[in-house]
Amino acid sequence: MKDLASSVRKKARVVAEIRYQAVPAIFDSRGDIIKKIHPEIIDYFPHWQTEQASVFFANDLERSTRELFISLKRSSVILEDVSSIQEFVDKAHKCFRLIYEVLGKEIPQLTRIGVRIIEICVP
């Protein structure tokens, strides 16, 4: 499919988010999440950080353009300036598959799935 806005696009950010009922196992699983997921995504998200009920992966912890966030009630993939929508779909699919492999049995019910595309275009 041809990208009609490629000649005028100056900046783009694509976000995919899955929300679910609270997964209390995240409190005890942060180490497992890092151990099992980070080796699979280290090339794209080399840095990680934990907080009380979340794990955050990024290409840069100060000014990230690629992020994977896993928390008590949601998970998201955020990528800026991807070369194509297909690249975003492939990366998001891989990340969500890895999250499902680690936490899938603990997620009681999905409550929302969403994708947002934000672009700045200048003619």
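**Rings, charges and cysteines**

Q: How far does R66 lie from the ring centre of Y44?
A: A charge sits over a ring if NZ of Lys or CZ of Arg is within 6 Å of the ring centre and within 35 degrees of the ring normal. R66 lies over the face of Y44, and its distance from the ring centre is 4.4 Å.

Q: What kind of model is this?
A: Residues are numbered from 1 along each chain as its sequence is written, and side-chain values use heavy atoms, with hydrogens and water left out. Local features need pLDDT of at least 70, side-chain atom pairs count only at pLDDT 80 or more, and totals for chains, interfaces and linings use all residues, as this is a predicted model.

Q: Which residue has its charged end over the ring of Y44, 4.3 Å from its centre?
A: Back to Y44. The charged end sitting over this ring, 4.3 Å from the centre, belongs to K91.

Q: What is the angle between the planes of Y44 and F45?
A: Searching the whole structure turns up one aromatic pair (Phe, Tyr or six-membered Trp rings with centres within 6.5 Å; planes under 30 degrees apart are stacked, over 60 edge-to-face, the rest tilted). That pair is Y44 and F45, edge-to-face with 5.5 Å centre to centre, and the angle between the planes is 80°.

Q: How many disulfides are there?
A: A disulfide here means a pair of cysteine sulfur atoms within 2.5 Å. By that rule the count is zero.

Q: Is C95 buried or exposed?
A: Buried means under 20% relative accessible area, exposed over 50%, and partly exposed in between (1.4 Å probe, protein chains only). C95 has 2% relative accessibility, so it counts as buried.
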